[in-house]
Amino acid sequence: MIAVDAARARLGYAAAMPASTKGATTEGASTMHGSTHASAPSSGTRNAPPPVLETARLVLRPFRASDLEDVFRYATDPEVSRFVLWDRHETRDDSQRFLEWVIGQPARGELPSWAVVQRSTGRLVGSIGYGASEPAHARAEVGYVLARDCWGRGVMSEALAAVLGHAFGPLHLHKVVAHCHVQNAASRRVLEKAGMRHEGRLYEQLFVKGGYWDIDVLGIVDREWNAAR
Ligand SMILES: CC(C)(COP(=O)(O)OP(=O)(O)OC[C@H]1O[C@@H](n2cnc3c(N)ncnc32)[C@H](O)[C@@H]1OP(=O)(O)O)[C@@H](O)C(=O)NCCC(=O)NCCS
């Protein structure tokens with residue numbers, strides 16, 4: 001039987017996954033703290049709060065408790081949650097649980113997530129961050145979501161480039177991976193535009209929302225990222 005919570009913890013969708021908060025937190029923590037391997041260089045910055053990352057149109061900043069309404073607004077949209085592992089938020093308590101989980105990431109020794117904020121309006125329109133990591137291998141998994149009215153304008157590509165720059169810069173990760181549902185063409189395109197390579201397909205890998213999902217795996221290592229800059 002598939003342990004969905006464990007699988008969630010290994011996927012990069014945790015940037016907005018309140019319904020799986022408990023599983024993600026527990027499993028993620030055990031992955032990071034339970035390792036008996038020596039840690040690769042990235043672990044040194046693991047407990048630091050996420051830095052603010054700025055792009056032309058966006059500010060990526062740590063989440064705050066006051067972000068509740070903005071999170072609730074995008075996370076109630078069934079199209080936004082269609083290809084992620086968490087269920088659509090039905091109540092503000094769902095969004096509250098997500099915020100508590102995501103704000104607590106650094107204190108738990110987990111890699112961070114960022115609120116994606118439009119520079120022009122100050123509106124929080126999505127999230128991006130790490131759902132799981134393997135410090136022994138300097139590898140982490142990234143995930144993201146964006147409010148539907150902002151799709152198709154390169155917003156998440158811009159946010160992902162900033163996060164990868166941080167991952168292969170100050171964070172000293174060796175590899176960043178992502179998983180997406182095989183039908184999630186927009187997400188796969190975002191990953192490919194960032195230079196991530198399709199590494200394979202995991203057939204009927206997860207039982208989510210009533211069915212088994214085929215999952216595409218994409219990844220990029222630091223030298224590939226640096227060579228493209
Ligand atoms: C995936 C998501 C974050 C993309 O954000 P975005 O800001 O719209 O992405 P971008 O505009 O940077 O790029 C999207 C790309 O996908 C393409 N695209 C969008 N829908 C597509 C589709 N149905 N088929 C093929 N390509 C598609 C766009 O044309 C664009 O590529 P282009 O720049 O070459 O034209 C957004 O759709 C989202 O939040 N989806 C719901 C949550 C989700 O699925 N998260 C990822 C889980 S793995």
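Residues are numbered from 1 along each chain as its sequence is written. Because the model is predicted, local features need pLDDT of at least 70 and side-chain atom pairs count only at pLDDT 80 or more, whereas totals for chains, interfaces and linings use all residues.

The chain contains eight helices and eight strands, taken as DSSP runs numbered from the N terminus (helices being H or I with at least four residues, strands E with at least two). Of its 229 residues, 43% count as buried, a residue being buried if 20 or more other C-beta atoms, placed from the backbone, lie within 10 Å of its own, exposed if 12 or fewer do, and partly exposed in between. Among contacts between residues at least 6 apart in sequence, 66% join residues at least 24 apart, where contact requires C-beta atoms, placed from the backbone, within 7 Å.

The eight strands form an open sheet of mixed pairing, in the order S1-S2-S3-S4-S5-S6-S8-S7, with two strands taken to pair if DSSP finds at least two bridges between them. Strand S1 (53-54) and strand S7 (197-208) each have a single partner strand and stand at the edges, so one side of each is left without a neighbour in the sheet. Strand S6 (residues 175-181) and strand S8 (residues 211-221) run antiparallel and are joined by seven bridges, and His181 stands opposite Ile215 in S8.

When residues up to four places away in sequence are not counted, Leu160 touches Ile128, Tyr144, Val190 and Ala194.

The ligand is surrounded by 22 residues, of which the closest are Met156, Ser157, Ala185, Ala186 and Arg189; a residue is near the molecule if its C-beta atom, placed from the backbone, lies within 6 Å of it. Strand S5 (139-146), helix H6 (155-168) and helix H7 (185-193) each supply at least two residues of this shell, and the largest share, five residues, comes from H7. The shell divides into 14 nonpolar, six polar and two charged residues, with Ala, Val, Leu, Ile, Met, Phe, Trp, Tyr, Cys and Pro counted as nonpolar, Asp, Glu, Lys and Arg as charged, and the others, Gly among them, as polar.

Key: Contact = placed C-beta atoms within 7 Å.
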